[in-house]
Amino acid sequence: MSVDARIYRIKKTLGGIKNIIGVVSGKGGVGKTTISAVMSLILSVKGYSVGLLDLDFHGPSCHTILGIKDLEYEEEKGINPYRITKNLYFASIYPFVKDEYVPLRGKALSNALIEFLSILNWRKIDYLIVDMPPGMGDILLDIVRLIPNSKFIAVTTNSVLSIQTVGRLIKFIIDSRLELQGIIANMIRNYDTRARRLAEELSVNFLGSVPFDADYENTIGNPQSILGTKLASALKEIVERHIT
Ligand SMILES: Nc1ncnc2c1ncn2[C@@H]1O[C@H](COP(=O)(O)OP(=O)(O)O)[C@@H](O)[C@H]1O
Ligand SMILES: [Mg+2]
């Protein structure tokens with residue numbers, strides 16, 4: 001039993017969300033943030049109501065991909081996620097920390113996470129996409145505890161280093177009896193064989209591959225242009241086949 005009223009508030013505010021999907025990986029730099037942000041754009045363009053939640057407290061960057069410069073929240077018994085379009089909402093700790101570093105760990109980090117989750121007023125949306133920090137750190141361990149109905153998508157490149165670490169993380173998700181929607185192979189240049197083989201070995205879904213797209217970098221900050229990239233087309237297919 002918890003006597004922390006914030007945990008009660010978190011369950012209440014997240015209770016109206018149909019699908020909560022955490023985007024995870026073993027390593028940093030494999031494309032979690034990119035996939036979370038672009039997937040949110042794709043789902044919202046399809047007409048779903050979507051929330052994007054940036055939980056990478058040490059390195060929030062979803063706002064940069066979406067081109068949001070003056071992120072400010074409306075306060076209403078807590079804070080309302082920032083409304084980007086009529087059906088896309090966004091929350092990040094960025095407005096509180098700006099470009100300062102965030103030297104938090106352990107209990108302090110956990111406390112900041114609980115506080116943040118408990119003051120957000122999510123509406124009854126179809127999807128909440130959660131951009132997670134890399135690996136099996138405090139934030140993931142807390143999310144598993146606080147939001148046990150979360151589903152997960154694991155992102156990896158085809159590098160053996162990324163495959164090994166994401167393999168461990170997937171075993172953790174399976175052992176914790178959480179739902180893994182599957183694996184996305186990102187930044188694929190030729191073959192995605194290692195990611196496919198890992199999915200087979202662990203008996204989880206292989207959701208598909210997103211190519212390395214050299215043109216993507218120039219579209220960062222401009223959602224309309226992002227939606228026109230090869231990266232977004234590949235992700236759209238994955239979303240249509242496996243997510244919606
Ligand atoms: N499919 C892709 N093609 C080209 N560049 C990509 C692709 N996916 C991600 N990137 C780039 O790779 C870097 C790491 O991506 P990011 O989403 O920040 O990873 P993570 O959140 O896992 O740390 C960023 O510079 C991003 O723009
Ligand atoms: Mg990231």
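Two residues are in contact if their C-beta atoms, placed from the backbone, lie within 7 Å. That rule is applied here to a predicted model.

**A buried isoleucine**

Start with Ile139. It sits in helix H6, which spans residues 138-146. Setting aside neighbours within four places in sequence, Ile139 is in contact with Leu55, Phe57, Leu109, Leu113, Met132 and Pro133. Take one of these partners, Phe57. Ile139 and Phe57 are 82 residues apart in sequence. In space, their C-alpha atoms are 8.8 Å apart.

Is Ile139 buried or exposed? Ile139 is buried, because 23 other C-beta atoms lie within 10 Å. The cut-off for buried is 20 or more.

**A glycine in a loop**

Gly26 is found in the loop between strand E1 (19-24) and helix H2. Gly26 has 21 other C-beta atoms within 10 Å, so it is buried. Leaving out neighbours within four places in sequence, its contacts are Gly135, Ser162, Thr165, Val166, Arg168 and Leu169.

Now pair Gly26 with His63. These two residues are 37 residues apart along the chain. Their C-alpha atoms are separated by 23 Å.

**Around ligand 1**

Which residues come nearest to ligand 1? They are Gly31, Lys32, Thr33, Thr34 and Asp213, out of 16 residues around the ligand. Helix H2 (32-45) and strand E9 (179-188) each supply at least two residues of this shell. The largest share comes from H2, with three residues. By class, the shell around ligand 1 holds six nonpolar, seven polar and three charged residues.

**Helices that pack**

Two packed helices are described by the angle between their axes and the distance between the axes.

| Helix pair | Angle | Axis distance |
|---|---|---|
| H7 (160-175) and H8 (193-201) | about 20° | 10 Å |
| H2 and H10 (230-243) | about 70° | 10 Å |
| H1 (5-14) and H5 (106-119) | roughly 50° | within 8 Å |

Take H7 and H8. Their axes pack at about 20°. That makes H7 roughly parallel to H8. The crossing of H7 past H8 is right-handed. On the H7 side, the contact is made by Val160, Ile163 and Gly167. On the H8 side, Arg194, Ala195 and Leu198 take part. By class, this contact of H7 with H8 has four nonpolar residues, one polar and one charged.

Turn to H2 and H10. How are these two helices oriented to each other? With an angle of about 70°, H2 and H10 are therefore roughly perpendicular to each other. H2 passes H10 in a right-handed crossing. H2 brings Ile35, Val38, Met39, Ile42 and Leu43 to the contact. H10 brings Leu231, Ala232, Leu235, Lys236 and Val239. The residues of the contact of H2 with H10 split into nine nonpolar, no polar and one charged. H2 also supplies three residues to the shell around ligand 1.

The remaining pair is H1 and H5. Their axes cross at roughly 50°, so H1 and H5 are oblique to each other. The crossing of H1 and H5 is left-handed. From H1, the contact uses Arg6, Ile7, Arg9 and Ile10. From H5, it uses Ile114, Glu115, Leu117 and Ser118. By class, the contact of H1 with H5 has four nonpolar, one polar and three charged residues.

**Two positive phi values**

Phi is a backbone angle to look up for Met187 and Ser203. Met187 has a positive phi near 55°, and Met187 is a residue other than glycine. Ser203 has a positive phi of about 55°, although it is not a glycine.

Where does each residue lie? Met187 lies in strand E9, while Ser203 lies in the loop between H8 and strand E10 (206-211). Strand E9 is also one of the elements that supply at least two residues of the shell around ligand 1.

Is Ser203 buried or exposed? Ser203 is exposed, because it has 7 other C-beta atoms within 10 Å. The cut-off for exposed is 12 or fewer. Met187 counts as buried, because it has 22 C-beta neighbours inside 10 Å.

Key: Residues are numbered from 1 along each chain as its sequence is written. Chains are lettered from A and ligands numbered from 1 in the order in which they are written. This is a predicted model: local features need pLDDT of at least 70, side-chain atom pairs count only at pLDDT 80 or more; totals for chains, interfaces and linings use all residues. A residue is near a molecule or strand if its C-beta atom, placed from the backbone, lies within 6 Å of it. Helices (H or I, at least four residues) and strands (E, at least two) are DSSP runs, numbered from the N terminus. Ala, Val, Leu, Ile, Met, Phe, Trp, Tyr, Cys and Pro count as nonpolar, Asp, Glu, Lys and Arg as charged, and the others, Gly among them, as polar. Axes are lines fitted to C-alpha atoms, for helices over the stretch in contact, and angles run from 0 to 180 degrees between N-to-C directions. Angles under 35 degrees count as roughly parallel, over 145 as roughly antiparallel, 65 to 115 as roughly perpendicular and the rest as oblique. A crossing is left-handed if the near helix is turned anticlockwise from the far one by less than a right angle, and right-handed if clockwise.
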